[in-house]
Amino acid sequence: MYTPGEFQAYWDELSRNFYSSGWPQEDKDLLRENLEDSYGEDGEFPNFNIDKEGEGMFWQVVRNENHPDYEARYACEYRTFFVEFGDPPPDVPGIVNISTLAELAYERVRVPDTDIQLNPDGEQTVNLATWVWLDQAAFEPVSVTASLDDYGLWATTTATPTTLTIEPGTSDARLHPASGECAVGGDGSIGEPYSRGRSGEEPPCGVTYLRATHATGSYGLTASLTWEISWEGSDGSGASLPSGVFETTHEITVSEVQAIVR
């Protein structure tokens, strides 16, 4: 939270504001006594550890005001301690360590929207396969690193896309593959773009609609991309974190081509 100089300036400013307030003198005297007991010349940190400027920092409890459990926000004892650079932080509940940094990095991971590509692009045709794929360049692994540089602690959290799941929005459809789960290929791609001359092939990822939508309204084609998440730390540790699933829905109109037999 603070270098020694910053910590002293923080309390000096707090004291000035307090002494200029309308609080009773006995309360002001109590504040100064408490400051001296903890941080003053004779306290736990003599003269705010000014003689250790550049050698470490003061640590304090930081509460997550967005945590949904109100009581959990205040479960940790409010305390201050000084940790020299290169030393491990004390083993107290809630201390920032490598696994905490991994969770902080996890909280900051942002992955791109699941924006699938379709061919044909637009209105689909009964019994004609719709090819589905993802832009390979947009769906590479995403990494975030959280670190305490002066202490040599860091953790990198990486989200890697693994599976695209297709739900056609109707039972009158055939999925490719039948499970609707399109795995990531060895080159990182999911599905393949359609190219001329492949109209008779079954797409590696896609759907074939068997009924037109003129009587039912459009089908909601949902594409859900699963991102597996793991982390590694500065001490060689690492583990998996809960996967994330992100989906988008496309409204699909399906027409039926009429043939005339003579």
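Mentor: Before we place any residue, a term: a strand is a DSSP run of E with at least two residues, a helix is a run of H or I with at least four, and both are numbered from the N terminus. With strands named that way, T213 falls in the loop between β10 and β11. Keep in mind that the model is predicted.

Trainee: What makes T213 buried rather than exposed?

Mentor: Buried means under 20% relative accessible area. T213 has 6%, so T213 counts as buried.

Trainee: How far apart are T213 and Q124, in sequence and in space?

Mentor: Along the sequence, 89 residues separate T213 and Q124, while their C-alpha atoms are 9.8 Å apart.

Trainee: And which values hold for K28 and E44?

Mentor: K28 and E44 are 16 residues apart along the chain, with 20 Å between their C-alpha atoms. K28 is part of helix α2. Its relative accessibility is 9%, so K28 counts as buried.

Trainee: Why are the side chains of E65 and R73 said to meet in a salt bridge?

Mentor: The definition asks for a side-chain nitrogen of Lys or Arg within 4 Å of a carboxyl oxygen of Asp or Glu. The N to O distance for E65 and R73 is 3.5 Å, which is within 4 Å, so the pair qualifies. E65 is partly exposed, at 44% relative accessible area. The structure holds 6 salt bridges.

Trainee: What do D172 and R211 tie together?

Mentor: The side chains of D172 and R211 form a salt bridge at 3.2 Å, N to O. D172 sits in the loop between β7 (153-167) and β8, and R211 in the loop between β10 (206-209) and β11 (219-233), so the pair ties together parts that are 39 residues apart in sequence.

Trainee: Which residues are linked in a network of salt bridges?

Mentor: E192, R198 and E201 are linked in that way. Within it, the side chains of E192 and R198 come to 3.0 Å, N to O. R198 has a relative accessible area of 19%, which is under 20%, so R198 is buried. E192 has 33% and is partly exposed.

Trainee: What makes E26, D29, E33, E36, D37, E41 and D42 a patch?

Mentor: They gather in a patch of negative charge on the surface. Asp and Glu count as negative, and a patch residue needs over 30% relative accessible area and no salt bridge, with like charges joined within 9 Å. Take E36, in helix α2 (residues 25-38). E36 has 43%, so E36 passes the 30% cut-off and is called partly exposed.

Trainee: Why are N49 and N127 picked out for their phi values?

Mentor: Most residues other than glycine have a negative phi. N49 has a phi near 60°, and N127 has one of about 70°; both values are positive, and neither residue is a glycine.

Trainee: Where do N49 and N127 lie, and is each buried or exposed?

Mentor: N49 is in the loop between α2 and β1 (56-60), and at 6% relative accessibility N49 is buried. N127 is in the loop between β4 and β5 (130-134). Exposed means over 50%, and N127 has 56%, so N127 is exposed.

Technical notes: Residues numbered from 1 in each chain as written. Predicted model: local features only at pLDDT ≥ 70, side-chain atom pairs only at ≥ 80, totals over all residues. Heavy atoms only, no water. Patch = residues over 30% accessible without salt bridge, like charges linked within 9 Å, V, L, I, M, F, W, Y side chains within 5 Å. Areas by Shrake-Rupley, 256 points an atom, 1.4 Å probe, with all protein chains shown as cover. Charge placed at Lys NZ, Arg CZ, Asp CG, Glu CD. Buried < 20%, exposed > 50% of the residue type's maximum accessible area, 1.4 Å probe, protein only.
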